[in-house]
Amino acid sequence: MTTRLAGGLTVAQVQRRTVRTLVVSQAVGAVGVTIGVATASLLARDISGSETMAGLAQTFQVLGTAAAAYGLARVMRRRGRRVGLVAGYLIGATGAVLAVVAGVVDSMAVLLLGALMLGATTAVNNGSRYAATDLATEEHRARALSVVVWATTVGAVAGPNLTGVGASVARSMGVPELTGGFAIGAVVLVVAAGWVSWRLRPDPLLLAQETAGVVPSAGPEPRGRSWSSFVAVVRDVPAVGAAVVAMACAHAAMVTVMIMTPLHMEHGGAHLEVIGFVISIHVLGMFAFSPLVGWAADRFGRAAVLITGGVVLLVSLALCGLSPEGTSWQIFAGLFLLGVGWSCATVAASTVIADRTPIEARTDVQGTSDMAMALTAAAGGALAGVIVGQLGYPALATFAALLAGAVVVAGAATRRHS
């Protein structure tokens, strides 16, 4: 007999409602994140007057993602997914507003603070994939997670293409044109927060905890509890530790090569339109096939898909390393497969973490692993410019291949400890 909750819904019905809600918020939220990406570095350059400081906005946003992933996980453990997701979207919206203010008052400090807060939105979009797994059955968990990841495609494609609209909005507001995207992003993120607040009821995490007989703590938390909980799970469940390593290494490999590919192509005379198309193909590989990846992870096992992701990353990096400067079939194929490999590794590793982490430590492990993923990517991104500047793009592909090799090894460890 199917157990019905207050309101007459079954757990399966709540799960379907949860996934539908998250698909919409993920698509809308991704627009809010990506709409300013195309202009953030340009705005930082104009405010600072230095091209060397143009990348600081992106760096601070990544750092904000890492901090928010950890902090919002603590909120979710005590208050549920809904409160944590809404808080993240509103923090991001505030950051977008600060970016507009920074352009008006010509302040680099305000821009970097805004970028730091805007990073919370990326943390929310990352965390939404786990919210889709709270009530999912094990045989459908990867598919539920992957559908939410897929929804990012909508925002990732639509956001950068709204740059022109953002400039028009900025002119109508009387603010610098480069801040228009952030103005639109602020509105979009508030809409996403309102949608989640209205629709994500009952809260999937709180319901899962209630079903498992876990009562969220009400008093003050001991300092360092989240980290201690993460360490304890990794020590007791080696497959979770392997999945965290795989996810962080796959993300770092993808980011380090992706951010330097436009420069590699520009050196060979590639036009901006072609460079943009290559990046679009890369984004397509990252998100568009994630439902198929999730189905494969449910059908053939998480470890098999994780290892496959590492192998695909290695093939993609070989193609990138062999690509000549400018436009070539190798760079098109390499960037596409770089996205596909990232998708396989991220979906599979995230599902392992959702599968094997005890519910009382779920948000601690998920938030800490996302923080590790962001920090690893930030470190890789910082090294990427140095490696390309000193040794060239092929050397960067070789460095990233070492990270991809670690994904394969971690996938094998996940299989061994399953």
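Predicted model: local features only at pLDDT ≥ 70, side-chain atom pairs only at ≥ 80, totals over all residues.
Here are some questions and answers about the structure above.

Visitor: Before we start, what kind of model is this, and which pLDDT do local features need?
Guide: Residues are numbered from 1 along each chain as its sequence is written, and side-chain values use heavy atoms, with hydrogens and water left out.

Visitor: Let's start with helix packing: at what angle do helix 11 and helix 16 pack?
Guide: Helices here are DSSP runs (H or I, at least four residues), numbered from the N terminus. Axes are lines fitted to C-alpha atoms over the stretch in contact, with angles running from 0 to 180 degrees between N-to-C directions. For helix 11 (residues 238-267) and helix 16 (residues 362-390), the axes are 8 Å apart and the angle is about 35°.

Visitor: And which hand is the crossing of helix 11 with helix 16?
Guide: A crossing is right-handed if the near helix is turned clockwise from the far one by less than a right angle, and left-handed if anticlockwise. Helix 11 passes helix 16 in a crossing that is right-handed.

Visitor: On to the aromatics: how are the rings of tryptophan 195 and tryptophan 198 arranged?
Guide: Rings of Phe, Tyr and Trp (its six-membered ring) pair if their centres lie within 6.5 Å; planes under 30 degrees apart count as stacked, over 60 as edge-to-face and the rest as tilted. A search of the whole structure gives 5 aromatic pairs. In this one the centres are 5.7 Å apart and the planes are at 75°, so the arrangement is edge-to-face.

Visitor: Where do those two tryptophans lie?
Guide: An α-helix has 3.6 residues a turn, so residues three or four places apart point the same way. Tryptophan 195 and tryptophan 198 are 3 residues apart, about one turn, and both lie in helix 8 (residues 180-199).

Visitor: Is tryptophan 198 buried or exposed?
Guide: Buried means under 20% relative accessible area, exposed over 50%, and partly exposed in between (1.4 Å probe, protein chains only). Tryptophan 195 has 24%, so it is partly exposed. Tryptophan 198 has 56%, so it counts as exposed.

Visitor: Which residue has its charged end over the ring of tryptophan 198?
Guide: A charge sits over a ring if NZ of Lys or CZ of Arg is within 6 Å of the ring centre and within 35 degrees of the ring normal. Here the charged end is 5.8 Å from the centre of the tryptophan 198 ring, and it belongs to arginine 199.

Visitor: What omega does the peptide bond from arginine 201 to proline 202 have?
Guide: Proline 202 lies in the loop between helix 8 and helix 9 (204-212). The bond from arginine 201 is cis, with omega near -5°.

Visitor: Which loop holds aspartate 106?
Guide: Aspartate 106 has a positive phi, near 60°, in a residue other than glycine. You'll find aspartate 106 in the loop between helix 4 (81-105) and helix 5 (108-131).

Visitor: Which residues does alanine 96 touch, leaving out those up to four places away in sequence?
Guide: Alanine 96 sits in helix 4. Its relative accessible area is 1%, so alanine 96 is buried. With those sequence neighbours left out, alanine 96 touches Leu118, Phe182, Gly185 and Ala186.

Visitor: Last one: what does leucine 63 contact beyond its neighbours within four places in sequence?
Guide: Leucine 63 lies in helix 3 (residues 56-79). At 35% relative accessible area, leucine 63 is partly exposed. Its contacts beyond those neighbours are Leu116 and Leu375.

Definitions and conventions. Contact = heavy atoms within 4.5 Å.
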